[in-house]
Amino acid sequence: MITLFSQAALIILAFVTLLWVWSIFIKNVSIVDIFWGFGFVVVNTFYVFMSGELNARKILILTLVSIWGLRLAIYLAFRNIGKGEDFRYQEFRKNYGPKRYWWFSFFQTFLLQGALILIVSLPLLGINSSASNGNLNALDYIGIVVWLIGFTFEAGGDFQLARFKSNLKNNGKVLNTGFWKYTRHPNYFGDSAVWWAYAIFSIAAGNYWQIIGAIIMTLLIIKISGVSLLEKTLKESKPQYRDYIQKTNSFFPWFPKK
């Protein structure tokens, strides 16, 4: 397992280095966001084909991770391409100076993202390095159900938000229908649920401590780069959002309060 993880680390290092070089040429660090999901496809595909014979569980995980990662990459590409560099990276570029940000961004952004991909993908390592025969059991089917719920909330929430934003009449308004009626962040909830599904698959394969990847992903989503950061921005930019907060759960879906 250690050897497989070390080899994956080299693959991810090469992956993020290529992205970094590309970002220097186009002067846009935002491409790192687009390739976040695809990075997991890369590392999981490596695990699958370097860990021995294929079995039912490995094929299942290869399919699910590829669907999730490619869907996310395509969605972010359509959302971000042509809109310039994200304001966060523009601020970093301004603070550190354009002449030195090109190399600073490698450590601050690209190398950090590569490290996170490796840590978060630990459940995938647990699945693919398992000594079990790979036959699906009851836990695997629970994992499939959790993954389907998570993917539906994430992809459905992204679709509804994109459609809402495409209507200029909705500028300044708050989306509170569809999945957004039951949670203020259906896409983040769905993303977390998908990773807990992978943790369940890892447990089904007989590997337990690797679920730390799902824990880290959930903490990132809720406390660091997802819910808390977005909530702060929305409270300031959309006055209606405070009323939305009073009626709608922040993360876990539930019926709105009256």
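Guide: Let us begin with burial, where a residue counts as buried under 20% relative accessible area, as exposed over 50%, and as partly exposed in between. The model shown here is a predicted one, and within it both R71 and E154 are buried.

Visitor: What makes R71 and E154 a salt bridge?

Guide: The rule asks for a side-chain nitrogen of Lys or Arg within 4 Å of a carboxyl oxygen of Asp or Glu, and the closest N and O atoms of R71 and E154 are 3.6 Å apart, so the pair meets the rule. The partners belong to distant parts of the chain, R71 to helix α4 and E154 to helix α8, 83 residues apart.

Visitor: How many salt bridges does the rule give?

Guide: The count by this rule comes to six salt bridges. One of them joins the side chains of R57 and D140, at 2.9 Å from N to O, and it links helix α4 (residues 56-80), which holds R57, with D140 in helix α8.

Visitor: Why are R57 and D140 called buried?

Guide: The cut-off for buried is under 20%; R57 has a relative accessibility of 2% and therefore counts as buried, and D140, with a relative accessible area of 0%, is buried as well.

Visitor: Are R88 and D33 buried or partly exposed?

Guide: R88, at 34% relative accessibility, counts as partly exposed, whereas D33, at 17%, counts as buried. Their side chains meet in a salt bridge of 3.0 Å, N to O, and because R88 lies in helix α5 and D33 in helix α2 (residues 31-34), the pair ties together parts that are 55 residues apart in sequence.

Visitor: Why are α9 and α10 called roughly antiparallel?

Guide: The axes of helix α9 (residues 186-204) and helix α10 (residues 212-224) cross at roughly 170 degrees and come within 9 Å; angles over 145 degrees count as roughly antiparallel, and the two helices are therefore described in that way. The residues of their contact divide into eight nonpolar, two polar and one charged.

Visitor: What makes α5 oblique to α6?

Guide: Helix α5 (residues 87-96) and helix α6 (residues 98-120) pack at about 125 degrees, with their axes 8 Å apart. That angle makes α5 oblique to α6, because 65 to 115 degrees would count as roughly perpendicular and over 145 as roughly antiparallel. The crossing of α5 and α6 is right-handed.

How values were computed. Residues numbered from 1 in each chain as written. Predicted model: local features only at pLDDT ≥ 70, side-chain atom pairs only at ≥ 80, totals over all residues. Heavy atoms only, no water. Axes fitted to C-alpha atoms, helices over the stretch in contact; angles between N-to-C directions. Helix = DSSP H or I, 4+ residues; strand = E, 2+ residues; numbered from the N terminus. Parallel < 35°, antiparallel > 145°, perpendicular 65-115°, else oblique. Nonpolar A, V, L, I, M, F, W, Y, C, P; charged D, E, K, R; others polar. Left-handed = near helix turned anticlockwise from the far one by under 90°. Buried < 20%, exposed > 50% of the residue type's maximum accessible area, 1.4 Å probe, protein only.
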